[in-house]
Amino acid sequence: MTEAHHIALRMTNISKSFPGVKALQDVELEVRAGEVHAIVGENGAGKSTLMKILAGFYQPDEGEIEVDGVRVGHWNPREARDRGIGMIYQELNLVPDLTVAENISLGGMPRRGPFVDHRAVTQRAKDVLGELQADIDPASRLGNLSISQQQLVEIAKVMADKPSIVVFDEPTSSLGEKETRVLFDVIDRMRRAGIAVIYISHRLQEVMEIGDRVTVLRDGRHIETRDVAGVTPDHMVRLMVGRDLNEMFPKLDLEPGERVLAVRGISREGQFADVTLDVRAHEIVGLAGLVGSGRTEVARAIFGLDPIDAGEIELRGEVIRVRNARKGRSAGIALVPEDRKGQGIIPGLSVRENFTLPVIQRIAQGVVIFARRERAIVRSLVDRLKVNPPQIERPLNAFSGGNQQKVVLGKWLLAKPDLLILDEPTRGVDVGAKADIHEIIGEFARDGGGVLMISSELPELLAVCDRIFVLHEGLLVDEIARADATEEGVMRAATGQVAA
Amino acid sequence: MTATSTASTTRVSAPGTLFSTLSVPIAIVALLVVGAIVSPSFLTVSNLVNVLNANAAVGLVALGMTFVAVCGGLADLSVPANVAMGALVTLGAQSFAGPFAAAGLGLLVATIGGVVNGLLIGYLRINPIIATLGTGAVLLGLSQQLIGGGIVYGEPSPLADFVKGSMLEIPVMVWIFAIAALILTPVLSRTAFGRWNLAVGGNYQAAEASAVPVRFTKAGAFVLTGLLSGLCGVLLALSNGQARPIIGTGYEFVAITAVVIGGTSLFGGSGSVLRTVGGVIITALIGNLIILGGLPTQATGLVTGAIVVIAVGIDVYFRRKGGRE
């Protein structure tokens, strides 16, 4: 190690066990001031646990933490913050009804006597927003801002404490391409200001782009730390999964059958207008668009979660009127929602109970649920979807994101739909589970179903889909066949550079 | 394939879950032991039968309240009003409808109260505490208006004799409670409606997106509680031979106490009817011990109130802890 690098953070031989699981074993992490240090690994590799130790939420069983060369002992989240560690999570920790300035100073309001010094609060917000070159009015109500702007406020809140180490945990998973650009500019400025940035992401392209060095974790162990300049995404994937994934997105070639879904001119006030699209049997159709383009809203409307103002929806040649999810299910539609935690899983219920929820009436056949029958159905599905560990009585919140997603997907396969709508089916899911999920989707299409899939990850859409519809500000602007689809082409349409 | 199938049959049984399944029976045994020491008349068949008999009616309410808690409906505060309605109509309508039809009418009126709650909470999505506080006040006012604030007396009838009687040495009231518990336990754990309650309480939006009839489920829990409150009122009226509007005062709290002590979370998503039965027995024994121990009856409120706050506190603590991990 040359003296040129100032070591902002050094974590050595960190080990941490939870009942029944060794979450971390002898993990090393060294982060330099003024670098963006990426941490990658599958779900369950130990990234979150390591960061929670750094932030003071967990105490390590063994190991040492040094911040700026000074060893720290047992510490709590507040002490960690006071020692210059800032955490930015995927979920925002802000109060929608307060102003931007109030949110930024929430942790420690400047006071004059017993009263809040509003002038100082505003000034503090102005200063820190200025540093971030964020064009946000400190006086505006937080809830009125876009998600991307809210995230900037979250960053500003952390930066107001003048941290020397900032951790970003999956910051882009709710952002579109444009918002991600803004975020990267901010991170780049932090780097130049000499802040040590730790960046956790599943999106390897982003790591390649923004990272200086990368640390790979697998099964709670440190695998490798190296300069990003010398690695390829393929190499990183190999290190993460410990095996080769020859083809990340295998594609079955299937002949499209008859039309499963025909949507004609549907509109919903303030969300989307005059959307017409179709999906055929054996076909996987993509729905692309930036965050806020109305893609999730279109999906929800087709399934019946939100009512439409105009237009009609036809399933297998019959016009259907879906007013709620029950009607959608009966019509033969399934929706795997974008927000897994909020709308996908029932955390406290077991894998079994989550799996059978949409079809529980059918399983109950009359009055009583036959436990043996229910378990048999769930077990065969757990095997097929490779849910790991295959313990069907365990509560679903004890599983990793990838396994939770498999259960959410699987419960809808049980309903035997004709049309499967997937909203970001692989978001926040590790590489191995992602491949499994793609396989499940492929099998569903092979067996005669139609798939409508939304994803923010363009390479995924391009690899998986037969056709791609592109939404821009609530309008359908393009339909691109598989053969003609390129990332640039989809992006041009999604950013409104193609006339509708 | 076979290997994974066998693996999936093993239920996870951490020491913690074993403790929590046994904690209710352990508490009952502990209370019996303490009671035997405190008072020689505690551990006698006649005392224990009396304790159960005195708590069977409010126990029925607790069974319904379990569904309310499990589906994320917090609690039904209109219980005293529905109990009063059931009781007053049962006795008041006897003169023109006869005892059987009058009792049926009492049940019907309380069930309608539950339906109103269900519509307000399930379909209009009004906060359950506010909604039931409101309907409770309205119904109680209505019942007072109905009888002019006095007491309604019943006439002797074969139905009243039956309710006051015993079968196989066990009071009929206890039989009714036991049968209701025996029916409702599998309703929560083994029917689609029960599973829906757990799902709605666990994550409302996810349940809705999973084609669960969320509004119907939530409403159903309140209708059930209304019906059982009515049954409670009918039984009280028939066994006492008289009823006043304040007949069910405090029953909502006793029921909540029993649900919470049984270990069903007030925040929804988990719980069982059988545990509530345990909770009813524990609250009953505590109340009895306080009286036998020579403490003033007012101490009952103090003790059960403290237990509820502590039990809910522990629940919240473990939920937080679980959420963080």
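1. Asp274(A) is partly exposed, with 14 other C-beta atoms within 10 Å. On this scale a residue is buried if 20 or more other C-beta atoms lie within 10 Å of its own, exposed if 12 or fewer, and partly exposed in between, with C-beta atoms placed from the backbone. Asp274(A) belongs to strand β14 (residues 272–280) of chain A, and its phi is positive, about 50°, although the residue is not a glycine. Strands are DSSP runs of E of at least two residues, helices are runs of H or I of at least four, and both are numbered from the N terminus.

2. The model is predicted: local features need pLDDT of at least 70, side-chain atom pairs count only at pLDDT 80 or more, and totals for chains, interfaces and linings use all residues. Residues are numbered from 1 along each chain as its sequence is written, while chains are lettered from A and ligands numbered from 1 in the order in which they are written.

3. Asp68(A) also has a positive phi, near 50°, in a residue other than glycine. Asp68(A) sits in the loop between β4 (62–67) and β5 (70–72) of chain A. It counts as partly exposed because it has 16 C-beta neighbours inside 10 Å.

4. A cis peptide bond runs from Asn388(A) to Pro389(A), with omega near -5°. Pro389(A) is in the loop between α14 and α15 (401–414) of chain A.

5. Chain A has 18 helices and 22 strands. Its radius of gyration is 24 Å, close to the 23 Å that the globule rule gives for 500 residues, so chain A is as compact as a globular protein of that length. The radius is taken over C-alpha atoms, and the rule is 2.2 Å times the number of residues to the power 0.38. The C-alpha trace of chain A spans about 70 × 50 × 50 Å along its principal axes. Of its 500 residues, 48% count as buried.

6. Contacts here are pairs of residues whose C-beta atoms, placed from the backbone, lie within 7 Å. Among contacts in chain A between residues at least 6 apart in sequence, 69% join residues at least 24 apart.

7. The predictor gives the complex an ipTM of 0.84 and a pTM of 0.76.

8. Chain B averages a pLDDT of 88, and 91% of the residues score at least 70; pLDDT is the predictor's confidence in each residue, from 0 to 100. Over residues 1–18 of chain B, pLDDT stays under 50, and the model has 16 contacts beyond four places in sequence for them.

9. Ser166(B) is in strand β2 (residues 166–167) of chain B. With 13 C-beta neighbours inside 10 Å, Ser166(B) counts as partly exposed. Leaving aside neighbours within four places in sequence, Ser166(B) is in contact with Pro171(B) and Val172(B).

Key: Contact = placed C-beta atoms within 7 Å.
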